[in-house]
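Keep the viewer open as you read.

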Amino acid sequence: MSLFLQGGIVRENLWDLLVNEPGVIMEEGFPNATGREQSIRGMRTSEFCLHPAGDTPTSCRLFDAIQSLCIPVIVSDNIELPFEGILDYTEFSVFVAGDDALKPTWLMDHLRSISEKQKEELRRNMAKIQLIYQYENGHPGGIGPISPNGAVNHIWKKIHQKLPVIKEAIVRDKRKPPGVSIPLRCHCT
């Protein structure tokens, strides 16, 4: 079994916990062409790609792992993922609570307990949804029609889903009496 852990914004204690673990490939993240190629090569040769929650809301690691058919291991207690509501991430990812991941040997024991049959099913499901993460339309300069099942159309679908809730929050905010705060019910991240 191999687990790919890319550096960059990675919780230090998780890195320290896995650095000497057999079968774990550790990569420092460098924002250049060489670093990107190393990451992609590491993901394509690994069964699992670790995705701990970081300090930023977005990262291309998840997209790269999905395109590489490297099963995402998402370490987070509360994360919002792209295209949720359209995709069920449990069909192609492994979710791990932060506290569990930080217990010595727990994460590796958990991943080793996943059968080959389960891993193949996760990869098959991932292959079915890869198109959703494609932003390129294949036309020179990006000029031309976009894929109806590609990322751009799915982003517009998510905006369309959130728009009524956003409008409701704006209207509610306009009608509130001066000096009164109304709890936000719009979770629009």
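Accessible areas here come from the Shrake-Rupley method with a 1.4 Å probe, and for residues only the protein chains shown count as cover. Bear in mind that this is a predicted model: local features need pLDDT of at least 70, side-chain atom pairs count only at pLDDT 80 or more, and totals for chains, interfaces and linings use all residues. Residues are numbered from 1 along each chain as its sequence is written, and side-chain values use heavy atoms, with hydrogens and water left out.

Now for the overall layout. The protein has seven helices and five strands, and from the N terminus they run β-α-β-α-β-α-β-β-α-α-α-α. These elements are DSSP runs numbered from the N terminus, with helices (H or I) of at least four residues and strands (E) of at least two. Of the 189 residues, 35% are buried; that word stands for under 20% relative accessible area, with exposed meaning over 50% and partly exposed in between (1.4 Å probe, protein chains only). Take the contacts (heavy atoms within 4.5 Å) between residues at least 6 apart in sequence: 53% of them join residues at least 24 apart.

Staying on the outside for a moment, look for a nonpolar surface patch made by Tyr-135, Ile-155, Trp-156 and Ile-159, which together have about 410 Å² of accessible area. Patches are built from residues with over 30% relative accessible area and no salt bridge, joining like charges within 9 Å and nonpolar side chains (Val, Leu, Ile, Met, Phe, Trp, Tyr) within 5 Å. Tyr-135 sits in the loop between helix H6 (116–129) and helix H7 (151–175), and at a relative accessible area of 42% Tyr-135 is partly exposed.

Next, head inside to strand E3 (residues 48–52). Why is E3 largely enclosed by the rest of the structure? Because five of its five residues are buried. In a regular strand the side chains alternate between the two faces of the sheet. In E3, Phe-48, Leu-50 and Pro-52 point one way while Cys-49 and His-51 point the other way, and all are buried. E3 pairs with strand E4 (residues 71–75) in the parallel sense, over five bridges; for two strands to pair, DSSP has to find at least two bridges between them. If you want one spot to check, Cys-49 has Pro-72 as its bridge partner in E4.

Which residues touch the most other members of the largest nonpolar core? In this core of 30 residues, they are Val-73, Leu-87, Tyr-89, Phe-92, Val-94, Leu-107 and Tyr-133. Helix H1 (12–18), E3, helix H3 (61–67), E4, strand E5 (94–96), helix H5 (106–112) and H6 each supply at least two residues of this core, and its largest share, four residues, comes from E4. A nonpolar core is a set of buried Ala, Val, Leu, Ile, Met, Phe, Trp, Tyr and Cys residues joined through side-chain atoms within 4.5 Å. Zoom in on Leu-107: leaving aside neighbours within four places in sequence, Leu-107 is in contact with Leu-14, Leu-18, Leu-50, Val-73, Val-96 and Ala-101.

That leaves the charged pairs. The structure holds six salt bridges, each a side-chain nitrogen of Lys or Arg within 4 Å of a carboxyl oxygen of Asp or Glu. In one of them, Glu-47 meets Lys-119, with the closest N and O atoms 2.9 Å apart. Glu-47 lies in the loop between helix H2 (33–44) and E3, and Lys-119 in helix H6, so the pair ties together parts that are 72 residues apart in sequence. Glu-47 counts as buried at 15% relative accessibility, and so does Lys-119 at 4%.

Helix H6 also holds Arg-123, whose side chain forms a salt bridge with that of Glu-120 (2.8 Å, N to O). Arg-123 is buried, with a relative accessible area of 15%, whereas Glu-120 is partly exposed at 37%. Leaving aside neighbours within four places in sequence, Arg-123 is in contact with Glu-47, Leu-69 and Ile-71.
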